Amino acid sequence: MGIVSQEAILELQALMDSVEEPLNITFQNVHQGFRAETLVRFLKAREWNVAKAHKMLVDCLHWRVQNTIDDILAKPIVPSELYGAVRDSQLIGMSGYSREGLPVFAIGVGLSTFDKASVHYYVQSHIQINEYRDRVILPSASKKHGRPITTCIKVLDMTGLKLSALSKIKLLTIISTIDDLNYPEKTNTYYIVNAPYIFSACWKVVKPLLQERTRKKIQVLPGCGRDELLKGSFHVDLPEPAAEETEIAKSLESELQKFEKGNMLSKSTDGIKTDDD
């Protein structure tokens with residue numbers, strides 16, 4: 001990292017040292033002890049412009065406070081039947097780790113219908129997945145490897161993709177906006193696999209909605225992409241079930257204990273703002 005980059009980090013760090021207490025508290029949940037790496041993410045998202053990165057980060061913290069994002073892991077989607085419907089129509093799961101220790105998420109884009117609940121439940125689910133990744137999975141991976149691991153890899157499976165998927169463009173735009181403004185530079189690479197012929201038509205619509213820095217991270221692989229994914233530095237290493245599940249369970253239990261104060265559980269995220277207003 002060059003001298004200019006280091007100066008930018010120090011300058012942004014000095015600005016963040018002066019934020020008021022509510023923002024500072026939620027900032028701790030954002031950086032999870034990796035403050036410099038977090039500042040770099042926001043600086044990258046604003047082309048290393050310190051003033052713009054500072055505004056972006058402060059806006060993000062205000063969004064978190066206004067929408068009680070720190071407590072969102074303690075706000076289950078209920079009843080359980082609704083939660084099951086959301087999960088069945090929003091297909092995403094962690095499938096292992098790369099050789100470098102980055103968590104790998106598999107997303108069934110083509111078979112995700114997003115039609116079993118209202119938009120805000122899918123937004124809530126997406127934010128909860130982001131927060132669980134950032135507050136449980138990534139810190140656990142960092143501890144295991146003894147170094148900061150602050151990004152993940154996503155494999156987007158286009159199996160079953162239809163033109164009707166474009167009818168969900170509003171929801172996907174909301175989710176994309178939330179990620180761009182509040183979770184920048186969290187994905188190292190997006191691998192697209194099993195892309196049908198219709199993908200090119202859908203891609204022409206979706207591509208302009210993405211930030212340039214996001215588009216550069218996308219790689220479309222032939223077929224299921226297995227050979228390419230297993231080459232070089234990418235290798236999915238499935239976690240050891242017992243140890244991994246125990247560690248994650250303990251982390252989640254600890255996280256929930258922080259949030260549960262009396263009867264603070266909520267049924268939804270009605271009112272969550274999806275932009276940086």
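Helices (H or I, at least four residues) and strands (E, at least two) are taken here as DSSP runs, numbered from the N terminus. On that basis, the protein has eleven helices and five strands. This is a predicted model, so local features need pLDDT of at least 70 and side-chain atom pairs count only at pLDDT 80 or more, while totals for chains, interfaces and linings use all residues. Residues are numbered from 1 along each chain as its sequence is written, and side-chain values use heavy atoms, with hydrogens and water left out.

Of the 277 residues, 44% are buried; buried means under 20% relative accessible area, exposed means over 50%, and partly exposed lies in between (1.4 Å probe, protein chains only). As for contacts (heavy atoms within 4.5 Å), take the ones with a separation of 6 or more: 81% of them are between residues 24 or more positions apart.

Next come the salt bridges, each one a side-chain nitrogen of Lys or Arg within 4 Å of a carboxyl oxygen of Asp or Glu. The whole structure holds eleven of them. In one, Asp70 pairs with Arg64 at 3.0 Å, N to O. Asp70 counts as buried at 14% relative accessibility, and Arg64 is buried too, at 3%. These two residues also belong to a salt-bridge network that takes in Glu131 and Arg135.

Another pair is Asp134 and Lys186, whose closest N and O atoms are 3.5 Å apart. This bridge ties together distant parts of the chain, 52 residues apart: Asp134 sits in helix H6 (residues 119–145), and Lys186 in the loop between helix H7 (169–182) and strand S4 (187–193). Both Asp134 and Lys186 are buried.

Glu212 and Arg215 make a salt bridge at 2.4 Å, N to O. They are separated by about one helical turn, because they lie three residues apart in helix H9 (residues 212–215). Glu212 is partly exposed at 40% relative accessible area, and Arg215 is partly exposed at 26%.

Helix H2 (21–31), helix H3 (35–45) and H6 each supply at least two lining residues, with H6 giving the most, four. The lining of the largest cavity splits into five nonpolar, five polar and three charged residues.

Helix H6 also contains Ile129, which is partly exposed at 22% relative accessible area. Leaving aside residues up to four places away in sequence, Ile129 touches Arg87 and Ile92. Gly93 is 36 residues from Ile129 in sequence, with their C-alpha atoms 9.2 Å apart in space.

Notes. Nonpolar A, V, L, I, M, F, W, Y, C, P; charged D, E, K, R; others polar.
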